[in-house]
Amino acid sequence: MFVKGDVKVLILNQIHKYMKINKNVAWKTLSDKVVAVKTDTGVYYTMNEVSSLIWSLIDQNMSIPDICKNIQTQFDNDDLIEIEEDVKQQIEEWKNELLIV
């Protein structure tokens, strides 16, 4: 039997299996923040500190649970369920913008 948190982690793992940075996105880390540009449209995105961390960890092929644990440790946040929800929401936004595929 799964508890609520385990189900979310399972769902996030399924999302990660198909997730990578779109080949049409050029990006660079500047002062701990990521700036990404969709090369096909010229639209650019500046990410905050947490989003930049998520982005760089995706680029390292880190699993969603590991990304969440990394955020939890770096930002001293005990609410792993909230972190998982926030990471999932960010990933969905990037997928909708075609920044990740």
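Buried means under 20% relative accessible area, exposed means over 50%, and partly exposed is in between (1.4 Å probe, protein chains only). Ser56 counts as buried because its relative accessibility is 19%. This serine is found in helix α2, where helices (H or I, at least four residues) and strands (E, at least two) are DSSP runs numbered from the N terminus. A polar atom of the Ser56 side chain lies 3.0 Å from the backbone oxygen of Leu53.

A quick word on the model: it is predicted, so local features need pLDDT of at least 70 and side-chain atom pairs count only at pLDDT 80 or more, while totals for chains, interfaces and linings use all residues. Residues are numbered from 1 along each chain as its sequence is written, and side-chain values use heavy atoms, with hydrogens and water left out.

## How α2 meets α3

Two packed helices are described by the angle between their axes and the distance between the axes. Here, the axes of α2 (residues 49-59) and α3 (residues 64-74) come within 10 Å and cross at roughly 140 degrees. Axes are lines fitted to C-alpha atoms, for helices over the stretch in contact, and angles run from 0 to 180 degrees between N-to-C directions. The two helices, α2 and α3, are therefore oblique to each other; angles under 35 degrees count as roughly parallel, over 145 as roughly antiparallel, 65 to 115 as roughly perpendicular and the rest as oblique.

On the α2 side, the contact is made by Val50, Leu53, Ile54, Leu57 and Ile58, and on the α3 side by Ile67, Asn70, Ile71 and Gln74 (contact means heavy atoms within 4.5 Å).

## How α3 meets α4

Next comes helix α4 (residues 80-96), which packs against α3 at an angle of about 120 degrees, with the axes 9 Å apart. α3 and α4 are therefore oblique to each other. From α3, Ile64, Ile67, Cys68, Lys69, Ile71 and Gln72 meet Leu80, Ile83, Glu84, Val87 and Ile91 of α4.

## Two loop residues with positive phi

Most residues other than glycine have a negative phi. Ser31 is not a glycine, yet has a positive phi of about 50 degrees. Its place is in the loop between β1 (25-30) and β2 (33-38), and Ser31 is exposed, with a relative accessible area of 71%.

Asn61, also not a glycine, has a positive phi of about 60 degrees. Asn61 lies in the loop between α2 and α3 and counts as exposed at 60% relative accessibility.

Note on methods: A polar contact is a pair of N or O atoms within 3.5 Å; within protein, one must be able to donate a hydrogen and the other to accept it, and residues adjacent in sequence count only if both atoms are side-chain atoms.
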